[in-house]
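Hi there,

Here is the structure I promised to pass on. Please have a look, and then read on for what turned up.

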Amino acid sequence: MKKHNYSAGPCILPQEVFEKSAQAVLNFNNSGLSILEISHRSKDFVTVMDEARALALELLGLEGKGYQALFLQGGASLEFLMVPYNLMKVDGKSAYLDTGTWANNAIKEAKLFGETVVVASSKEQNYNHIPTDYSIPGDASYFHCTSNNTIFGTQMKSFPKTDIPVVCDMSSDIFSRSLDFTQFDLIYAGAQKNMGAAGTTLVIVKEEILGKSGRAIPSILDYEKHIKAESMYNTPAVFSVYTCLLTLQWLKKMGGIAAIDKINEAKANLLYSEIDRNPLFIGTADKKDRSNMNATFLLVDEKNQETFDKMWREAGISGIPGHRSVGGYRASMYNALPLESVQVLVDVMKQLQEVVSVKSQLAK
């Protein structure tokens with residue numbers, strides 16, 4: 001049976017990425033060696049790294065605009081630390097928008113380096129919306145936000161204008177929608193939620209914002225040293241970088257971000273329309289802030305859970321139980337998830353309504 005993978009991360013990847021990466025594990029570039037055993041300094045892998053970095057900038061429309069692309073390790077969680085280490089000035093401060101668990105974790109790290117102003121938070125409402133009524137201090141070293149909140153199913157639809165550098169954690173929606181990416185000075189994203197296999201983190205940084213903190217930075221945490229070493233300061237996550245390259249190549253072949261944006265919009269509209277139409281379900285996020293990547297929803301009556309769970313499992317659906325912070329269900333619709341898979345979930349939701357209706361009629 002075909003599986004419909006709604007996992008929030010590690011997540012679904014294009015079938016051709018699985019096939020090409022699987023072949024590379026056995027024999028990479030007809031070298032007789034596996035991608036898992038080649039030297040990261042070999043010509044074959046240096047080519048992979050260079051192309052992946054260049055393609056990331058190309059797809060984001062940032063070529064020749066003063067940005068560098070890096071493939072690092074440690075996930076977005078390490079970037080929570082690296083961002084203030086590199087950008088927050090000694091005796092300075094930073095500004096953060098608190099929209100979810102990962103934003104809150106980033107704030108905790110920033111507080112280790114200096115004054116950290118939380119300009120707004122939706123924590124008291126269990127992060128069911130994106131705050132909008134806030135001001136950003138002009139004397140902060142940078143402003144940090146999280147574009148998409150995987151756990152709570154919210155997404156920033158626009159970003160504030162400010163004269164200070166803007167940093168964005170795009171771990172769960174990078175390369176998924178059309179934006180003016182020049183409005184950001186630093187973007188970071190763990191690969192495993194929309195871009196490739198777990199193990200590497202993409203960082204896009206405008207070089208002119210670096211080297212101004214006034215503090216000594218350990219070499220492994222210094223963006224400038226990673227730029228100088230062309231993402232080879234230490235041994236990179238070779239296989240993960242390779243799967244990122246394959247995924248970016250697939251995206252370019254699909255028509256780039258503009259093309260995938262339309263597909264993602266169609267998937268989200270299909271599922272949210274059913275959530276709103278079907279009286280058995282209710283969404284958890286404010287409609288204006290609903291994420292196109294992660295749809296979170298609940299059963300109105302939990303007595304239907306056993307039946308619904310059996311139905312979606314029998315339909316080959318995987319990975320939709322919600323995070324414990326929200327409960328219910330979470331359907332992650334990353335770039336590689338086809339529209340047909342969303343239709344399967346919608347059909348199951350409709351079937352549940354029919355089953356419940358029949359039971360109700362028989363009970364009368």
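What percentage of the 364 residues in the protein is buried? Buried residues make up 53% of them, where buried means under 20% relative accessible area, exposed means over 50%, and partly exposed is in between (1.4 Å probe, protein chains only).

A word on the model before the details. This is a predicted model, in which local features need pLDDT of at least 70 and side-chain atom pairs count only at pLDDT 80 or more, while totals for chains, interfaces and linings use all residues. Residues are numbered from 1 along each chain as its sequence is written, and side-chain values use heavy atoms, with hydrogens and water left out.

**Overall picture**

The protein has nine helices and 14 strands; helices (H or I, at least four residues) and strands (E, at least two) are DSSP runs, numbered from the N terminus. Its C-alpha trace spans about 75 × 55 × 30 Å along the principal axes.

Counting contacts with a separation of 6 or more, 68% are between residues 24 or more positions apart; contact means heavy atoms within 4.5 Å. The protein exposes about 15800 Å², and carbon and sulfur atoms supply 50% of that area. Accessible areas come from the Shrake-Rupley method with a 1.4 Å probe, and for residues only the protein chains shown count as cover.

As for charge, the mean positions of the 37 positive and 40 negative charges are 3 Å apart. Here Lys and Arg count as positive and Asp and Glu as negative, with His and the chain ends not counted; the place of a charge is NZ of Lys, CZ of Arg, CG of Asp or CD of Glu.

**Helix α9**

Helix α9 covers residues 339-363, which is 25 residues. From its first C-alpha to its last it reaches 37 Å, close to the 36 Å expected at 1.5 Å a residue; the expected span is 1.5 Å times one less than the number of residues. Its buried residues are Ser341, Val342, Leu345, Val346, Val348, Met349 and Leu352.

**Backbone points to check**

Most residues other than glycine have a negative phi, and most peptide bonds are trans.

- Proline 10 sits in the loop between β1 (4-5) and α1 (15-26).
- With 2% relative accessibility, phenylalanine 175 counts as buried. Beyond its neighbours within four places in sequence, its contacts include Ala56, Leu59, Met195, Leu248 and Asn335.

Serine 94 belongs to strand β3 (residues 93-98) and is buried, with a relative accessible area of 0%. Leaving out residues up to four places away in sequence, serine 94 touches Met88, Ala110, Glu115, Thr116, Val117, Ala140 and Tyr142.

Is arginine 290 buried or exposed? Arginine 290 is buried, because its relative accessible area is 10%. Its place is the loop between β11 (281-283) and β12 (294-299). Among the residues that arginine 290 touches, not counting those up to four places away in sequence, are Gln155, Lys157, Tyr272 and Asp276. Arginine 290 and asparagine 148 are 142 residues apart in sequence, yet 9.4 Å apart in space, C-alpha to C-alpha.

Glutamate 109, in helix α4 (residues 101-110), counts as partly exposed at 27% relative accessibility. Residues up to four places away aside, glutamate 109 touches Phe80 and Leu81. Between glutamate 109 and phenylalanine 71 there are 21 Å in space, C-alpha to C-alpha, for 38 residues in sequence.

Best wishes
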